[in-house]
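Please walk me through this structure, starting with how its strands pair and then moving on to its helices and salt bridges.

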Amino acid sequence: MLDTRKLQTVPISAVIVEDRIRTDMGNILELAEDIRENGLINPPVVNQNLRLLAGERRLRACEELGWKEVSVVVIDTRDAEHELNIEISENEARKSFSKSE
């Protein structure tokens, strides 16, 4: 399958944030400080219409920093189910650090 992802810089105000699965945003100020110190390592993910698919916390943290633009990964999606699967995958397919790590 051809990967149709591309990195693009867009105005934060152009990113469309609609209903999301995650409702607890946690400490946005802490994330903003990390982004200030280390940069935006993983950009938010949007569809071809700039609708947010993953990375609302990162987007909000960039807003908190006063950024007017943000790098995003644009994915050409097939349909609403594909978009929902991307959001779920982003939040579930993670491995937490172990105590020894």
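In this predicted model, asparagine 47 is placed opposite isoleucine 75 of strand β4. Asparagine 47 belongs to strand β2 (residues 45-47), which pairs with β4 in the parallel sense through three bridges. Strand β1 (residues 6-11) also pairs with β4, but here the strands run antiparallel and six bridges join them. In this second pairing, proline 11 stands opposite glutamate 69 of β4. Strand β4 spans residues 69-75, and five of its seven residues are buried, so the rest of the structure largely encloses it.

Helix α1 covers residues 28-38, and its buried residues are Ile28, Leu31, Ala32 and Ile35. Viewed down the helix axis, the buried residues of α1 fall within an arc of 105 degrees, so they line one face of the helix. These buried residues pack against helix α2 (56-64). The other side of α1 carries Leu29, Glu30, Arg36 and Glu37, which are exposed. At the start of α1, a side-chain oxygen of asparagine 27 comes to within 3.1 Å of the backbone nitrogen of leucine 29. Just after the helix, glycine 39 adopts a positive phi of about 85 degrees.

Side chains of opposite charge can pair when their charged atoms come close. The structure contains four salt bridges. One of them joins the side chains of lysine 6 and aspartate 76, at 3.6 Å from N to O. Lysine 6 is in strand β1 and aspartate 76 is in the loop between β4 and α3 (80-92), so this pair ties together parts that lie 70 residues apart in sequence. Lysine 6 is partly exposed, with a relative accessible area of 38%, and aspartate 76 is also partly exposed, at 32%.

Another salt bridge is formed by the side chains of arginine 51 and glutamate 18, at 3.7 Å from N to O. This pair links distant parts of the chain, 33 residues apart: arginine 51 is in the loop between β2 and β3 (52-54), and glutamate 18 is in the loop between β1 and α1. Glutamate 18 counts as partly exposed, with a relative accessibility of 45%.

The closest N and O atoms of glutamate 56 and arginine 60 are 2.7 Å apart. Because the limit for a buried residue is under 20% relative accessible area, glutamate 56 counts as buried at 9%, whereas arginine 60 is partly exposed at 36%.

Note on methods. Residues are numbered from 1 along each chain as its sequence is written. This is a predicted model: local features need pLDDT of at least 70, side-chain atom pairs count only at pLDDT 80 or more; totals for chains, interfaces and linings use all residues. Side-chain values use heavy atoms; hydrogens and water are left out. Buried means under 20% relative accessible area, exposed over 50%, partly exposed in between (1.4 Å probe, protein chains only). Helices (H or I, at least four residues) and strands (E, at least two) are DSSP runs, numbered from the N terminus. Two strands pair if DSSP finds at least two bridges between them. The arc is that of the directions from the helix axis to the C-beta atoms. Contact means heavy atoms within 4.5 Å. A polar contact is a pair of N or O atoms within 3.5 Å; within protein, one must be able to donate a hydrogen and the other to accept it, and residues adjacent in sequence count only if both atoms are side-chain atoms.
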